[in-house]
Amino acid sequence: MHILQALFFPPEQPGGVSSMVPYVLDKFNKRGWEMELFSLPKRVRGKGIDEIKFATFDYHKYAGNPLVDKYIQTYKDYIWWARMRITKQYDLIHAHHPIAALAMKQLFPTTPVIMTIHSSYERELFLNGKIVENSPEHDFLTSIYGELEANLDQLLTVSNSFKKYLAEYVQDSERIGVIPNGFDEKRFRPMPHENAIPQLITVCRLVPAKGLDTLLLACSELKKRGQNFVLHIIGDGPSRPDLERIAVELDIYEETIFYGYMLHPEEFMPFFDIFVLPSQAEAFGSVFAEAALCLLALVGTNVGGIAEQIEHGRNGLLIPPGDALALSVALEKLIIDPAFRYEMARAASEKARKTYGLSRVIRQLRSVYEKYDNDKKEAL
């Protein structure tokens, strides 16, 4: 089969998609499949002029809304770029963003197009305070799910919890398949080390939805209790100035290191002890699996895909989102008891290798892809 993996962002961008798709492509190609990547460069803006039509709703009623107008223009740009760059036919297109999926189906209506929904743009905007629920922007973005269902050959997502979230916006959620993200274990090399002071690390985009204000409050509580630690924050984003100010106000700036964006944090993580990220929501939470593969103890919130990765007290600790006191208690348990910390890290690593190894993803995707190959052969 000749398959196109259609991304939105270039594969070097951070996130769960870039953590998996290029490695999936490499594995398939080594097995004799023909697979290529396609994405929209950042420099392509305002080029597309094609008329856009949706089958399930009229987007023109949102005309003049800056977010919607930008979304539609990006859709047009994707079509423009794809028409220029794609010169061959594919047996199957696997898209990883709504714009990529809808654009590919518009350009190649007779080619099967499937899509993995990796995250929720509207929920991210809502949690980051950019839009409000049931606003025009929210209504437009959630209507896209119905458009995807109506136009594409199959929808996939990355966790059962996110499948439940999507159920509100589609006609038949039972048709949505679930394939959790997978990771090439060879990228992760746990390192034996002894840190005199426990090292905490978080890796994320610095936005309100990641709950880092809660983490700083929890670390302030730890310091008040006399616990020694260093908090390493890898990532960048609009919240960074506020987070640095909060760290100063809470008197933990000396214990906190802001690194900014890092392309391959998995090369850095094995030297730390505890991974913590108190997100308000995560469709999957790839960074937890990555941290587990680096043999770090995990602390997360009992939301979305995080709660599917962590079984509280067995391979990590879960706390309610926004609860700084509960987070400080969880971190303290791991800080004061190295044996417990190692047991949690070992169990998390075992589950990640068994459940989120890239070979499992390859098997599941191959089964999906071969279905369309068999359908094509039967039609001939």
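**Helix packing in the predicted model**

Helix 2 holds 20 residues, which should span 28 Å at 1.5 Å a residue; its end C-alpha atoms are 28 Å apart, in agreement with that expectation. The structure described here is a predicted model. Helix 2 runs over residues 66–85. Its buried residues are Leu67, Val68, Tyr71, Ile72, Thr74, Tyr75, Lys76, Asp77, Tyr78, Ile79, Trp81 and Ala82. Several elements cover these buried residues. They include strand 1 (2–6) and strand 2 (34–38). Helix 3, helix 4 (121–127) and helix 5 (136–151) are also among them. An α-helix has 3.6 residues a turn, so residues three or four places apart point the same way.

Two helix pairs were examined in detail. The crossing of helix 2 and helix 3 is right-handed. Helix 2 contributes Tyr71, Thr74, Tyr75, Tyr78, Ile79, Ala82 and Arg83 to the contact. Helix 3 contributes Pro98, Ile99, Ala100, Leu102, Ala103, Met104, Gln106 and Leu107. By residue class, the contact of helix 2 with helix 3 comprises twelve nonpolar residues, two polar and one charged.

The second pair is helix 2 with helix 5. Their axes lie 9 Å apart, and the helices pack at an angle of about 30 degrees. Angles under 35 degrees count as roughly parallel, and helix 2 is therefore roughly parallel to helix 5. Helix 2 passes helix 5 in a left-handed crossing. On the helix 2 side, the contact residues are Leu67, Val68, Tyr71 and Ile72. On the helix 5 side, they are Glu137, Phe140, Leu141 and Ile144. Seven residues of the contact of helix 2 with helix 5 are nonpolar, none is polar and one is charged. Tyr71 of helix 2 takes part in the contact with helix 3 and also in the contact with helix 5.

Helix 12 was considered next. This helix covers residues 338–355, 18 residues in total. From its first C-alpha to its last, helix 12 reaches 25 Å, close to the 26 Å expected at 1.5 Å a residue. Its buried residues are Arg341, Met344, Ala345, Ala347, Ala348, Ser349 and Ala352.

Two individual residues complete the description. Val21 is placed in helix 1, residues 16–30. Its relative accessibility is 1%, so Val21 counts as buried. Val21 and Ala6 are 15 residues apart along the chain, and their C-alpha atoms are separated by 9.7 Å. Leaving aside residues up to four places away in sequence, Val21 touches Gln5, Leu7, Leu37 and His96.

Ser161 lies in helix 6, residues 160–166. At 23% relative accessibility, Ser161 counts as partly exposed. The cut-off for buried is under 20%. Val178 is 17 residues from Ser161 along the chain, with 9.8 Å between the two C-alpha atoms. With residues up to four places away in sequence not counted, Ser161 touches Ala283, Gly304, Gly305 and Glu308.

How values were computed
Residues numbered from 1 in each chain as written. Predicted model: local features only at pLDDT ≥ 70, side-chain atom pairs only at ≥ 80, totals over all residues. Heavy atoms only, no water. Axes fitted to C-alpha atoms, helices over the stretch in contact; angles between N-to-C directions. Helix = DSSP H or I, 4+ residues; strand = E, 2+ residues; numbered from the N terminus. Left-handed = near helix turned anticlockwise from the far one by under 90°. Contact = heavy atoms within 4.5 Å. Nonpolar A, V, L, I, M, F, W, Y, C, P; charged D, E, K, R; others polar. Expected span 1.5 Å × (residues − 1). Buried < 20%, exposed > 50% of the residue type's maximum accessible area, 1.4 Å probe, protein only. Parallel < 35°, antiparallel > 145°, perpendicular 65-115°, else oblique.
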